[in-house]
Amino acid sequence: MVELRKRKAPAEPAPTEKKPKVAQKAATKGRPRASAKEAQKDSAASSSKPAAPSVGDTIQLDDFGGEIETHEGVKTTLKALVEESKSGVVLFTYPKASTPGCTKQACFFRDDYSELTSTGLSIYGLSNDSPKANTTFKTKQNLPYPLLCDQQASLIGVIGFKKAPKGTLRGVFVVDKAGKVLISETGGPAATVDAVRALVKSKPDEAQNESNDSEKKEESSPVPDKS
């Protein structure tokens with residue numbers, strides 16, 4: 001009998017090793033990761049910006065907010081305005097002169113001007129409008145206080161009321177003679193004046209004490225001898 005031999009199955013070919021794509025990796029390695037670098041720069045820039053002051057903070061007024069100008073074109077700073085005031089400065093911010101909401105807000109401060117300044121606060125409107133636009137606004141509405149022009153939004157930005165990319169948030173910021181922040185909040189036309197009115201009403205005793213001290217000094221001053 002003839003023996004039938006089983007045929008051996010052909011050996012499986014050895015798996016071929018995948019060659020690394022050297023050229024592609026080299027190309028990737030040499031390519032700059034611009035997006036990652038830009039994100040890192042943006043993150044560093046944002047973290048380096050000082051946070052806007054909060055109520056209760058005391059700010060260093062030197063160079064705070066940079067230089068601004070009045071509606072008459074006179075250059076000034078927040079430090080100078082505070083020094084000129086009796087007890088501090090009120091800055092109410094508005095998006096655009098002569099628009100309905102801003103007109104309402106400015107007129108609220110106009111109508112309550114005597115009450116709001118009764119404790120020695122000086123009131124200013126603040127926007128990024130031009131001196132010409134703010135002069136027209138002030139004249140037309142017969143506003144009894146100056147309007148400040150911050151076209152670079154340097155002061156508006158540092159107090160936290162800048163709206164990206166170029167706008168201004170409506171709000172009110174109050175700082176006393178020592179640089180202490182008394183009010184810092186955004187809100188509607190009525191809310192901004194209500195905040196200042198509440199502040200003034202909370203300090204009537206201080207205003208009365210200052211008046212009494214002044215009277216006592218006058219009474220205690222020596223009378224010149226006419227003999």
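The expected span of a helix is 1.5 Å times one less than its number of residues.

**View 1. Helix α8 of the predicted model, residues 189-201.** Helix α8 contains 13 residues, and 19 Å separates its first C-alpha from its last. That span is close to the 18 Å expected at 1.5 Å a residue.

**View 2. Buried residues of helix α8.** Pro189, Thr192, Val193, Ala195, Val196, Arg197, Leu199 and Val200 are the buried residues of this helix. In an α-helix there are 3.6 residues a turn, so residues three or four places apart point the same way.

**View 3. Phenylalanine 109 in helix α4.** Helix α4 runs over residues 100-111 and includes phenylalanine 109. Phenylalanine 109 counts as buried because its relative accessibility is 0%, and the cut-off for buried is under 20%.

**View 4. Surroundings of phenylalanine 109.** With neighbours within four places in sequence left aside, phenylalanine 109 is in contact with Val90, Phe92, Leu116, Ile123, Tyr145, Thr192, Val193 and Val196. Thr192, Val193 and Val196 are also among the buried residues of α8. Alanine 190 lies 81 residues from phenylalanine 109 in sequence, yet the C-alpha to C-alpha distance between the two is 9.2 Å.

View 5. Of its 227 residues, 33% count as buried. Among contacts between residues at least 6 apart in sequence, 63% join residues at least 24 apart. The accessible surface of the chain is about 15400 Å², and carbon and sulfur atoms account for 52% of this area.

Technical notes:
Residues are numbered from 1 along each chain as its sequence is written. This is a predicted model: local features need pLDDT of at least 70, side-chain atom pairs count only at pLDDT 80 or more; totals for chains, interfaces and linings use all residues. Side-chain values use heavy atoms; hydrogens and water are left out. Helices (H or I, at least four residues) and strands (E, at least two) are DSSP runs, numbered from the N terminus. Buried means under 20% relative accessible area, exposed over 50%, partly exposed in between (1.4 Å probe, protein chains only). Contact means heavy atoms within 4.5 Å. Accessible areas come from the Shrake-Rupley method with a 1.4 Å probe; for residues, only the protein chains shown count as cover.
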